[in-house]
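Take a look at the model first, then read on to see what I looked up.

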Amino acid sequence: MKVNNVELTISAVSAKQYPDTGFPEIAFVGRSNVGKSSLINKLIDRKAMARTSSVPGKTQTLNFYLLEDMLYFVDVPGYGFAKVSKADRAKFAAMIEEYLTTRGQLRGAVQLVDARHAPSADDVSMYQYLKYYHVKTLVVGTKVDKTSRAKRASVIKTIKQTLDLNQTDELILFSAETGEGKAQVWKWLEQTAGI
Ligand code: GTP
Ligand code: MG
């Protein structure tokens, strides 16, 4: 999909603020600082539509980006960031849970993991959570520009094994720096959103 039109419809903290348009939605989830906002920017060819930061915990609301008046990307706050207070962490968890468990037009989730390391315990929990709620999932191993080509096969194996990836879910290696994997991610998004 070539994206000419994109707008941030709302930064929501509760269900009553979600857009009521009924367009299909894709959620982007992953640890703080893993590169969710960077992936979104790369997919829509914008430098800073979704705000990125080298400081973890930048995204603190559910940000609904409307693409071409037909599809929403939902940038979700990251999990697993130690410096976020316990109270805030509980707040984010409740916000994410409310969204993932109640949103009828949610077509799938893109879960990002850092391709340089094995998925963390938090990553495994998140994937299991998505499976428990039957959310179709694309796992994106990101920052792959920092991994040598020779290691790709073992990176893929480690991620698949650690998450115990379902047969029906896909894994794509990606880099927001080089654009590697972008076309494959778009293909999954279009199929999953039915656009
Ligand atoms: P939160 O909003 O805090 O949850 O973080 P996020 O997951 O949205 O991460 P963000 O996109 O803000 O990126 C975090 C940092 O990682 C930034 O410094 C990015 O420039 C960097 N980064 C993201 N993707 C890539 C990538 O593919 N390659 C490299 N080398 N750096 C990346
Ligand atoms: Mg972010």
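This is a predicted model: local features need pLDDT of at least 70, side-chain atom pairs count only at pLDDT 80 or more; totals for chains, interfaces and linings use all residues.

I began with the shell around ligand 1, whose residues divide into 4 nonpolar, 14 polar and 6 charged. I sorted them with Ala, Val, Leu, Ile, Met, Phe, Trp, Tyr, Cys and Pro as nonpolar, Asp, Glu, Lys and Arg as charged, and the others, Gly among them, as polar. Residues are numbered from 1 along each chain as its sequence is written, and chains are lettered from A and ligands numbered from 1 in the order in which they are written.

Which residues come nearest to ligand 1? I found Gly35, Ser37, Thr52, Thr59 and Gly78, out of 24 residues around the ligand. A residue is near a molecule when its C-beta atom, placed from the backbone, lies within 6 Å of it.

Helices (H or I, at least four residues) and strands (E, at least two) are DSSP runs, numbered from the N terminus.

**Helix H1**

I checked how many residues of H1 are buried, and 8 of its 8 are. Buried means that 20 or more other C-beta atoms lie within 10 Å of the residue's own, exposed means 12 or fewer, and partly exposed is in between, with C-beta atoms placed from the backbone. Among the buried residues of H1 are Lys36, Ser37 and Lys42.

What covers them? The cover includes strands S2 (25-30), S3 (62-67), S4 (71-75), S5 (106-114) and S6 (137-142), and helix H5 (182-193). For contact I used C-beta atoms, placed from the backbone, within 7 Å. After H1 comes aspartate 45, with a positive phi near 55°.

**Strand S2**

S2 was my next stop, and 6 of its 6 residues are buried. Glu25, Ala27 and Val29 point one way from the strand, while Ile26, Phe28 and Gly30 point the other way.

Then I looked up its partners, since two strands pair if DSSP finds at least two bridges between them. S2 runs parallel to S4, joined by 4 bridges. Isoleucine 26 stands opposite phenylalanine 73 in S4, and glutamate 25 has tyrosine 72 of S4 as its bridge partner. With S5, S2 pairs in the parallel sense over 6 bridges; there alanine 27 has alanine 109 as its bridge partner.

**The sheet and the whole protein**

In what order do the strands lie? I wrote down S1-S3-S4-S2-S5-S6-S7, an open sheet of 7 strands with mixed pairing. S1 (6-12) and S7 (170-173) are the edge strands, each pairing on one side only. Helix H4 (residues 152-163) packs on the sheet and touches S5, S6 and S7, its direction making about 145° with that of S7. Such angles run from 0 to 180 degrees between N-to-C directions, with axes as lines fitted to C-alpha atoms, for helices over the stretch in contact.

Finally, I stepped back and counted 5 helices and 7 strands in the protein. Its C-alpha trace spans about 45 × 40 × 35 Å along its principal axes. Of its 195 residues, 39% count as buried.

How values were computed
Two residues are in contact if their C-beta atoms, placed from the backbone, lie within 7 Å.
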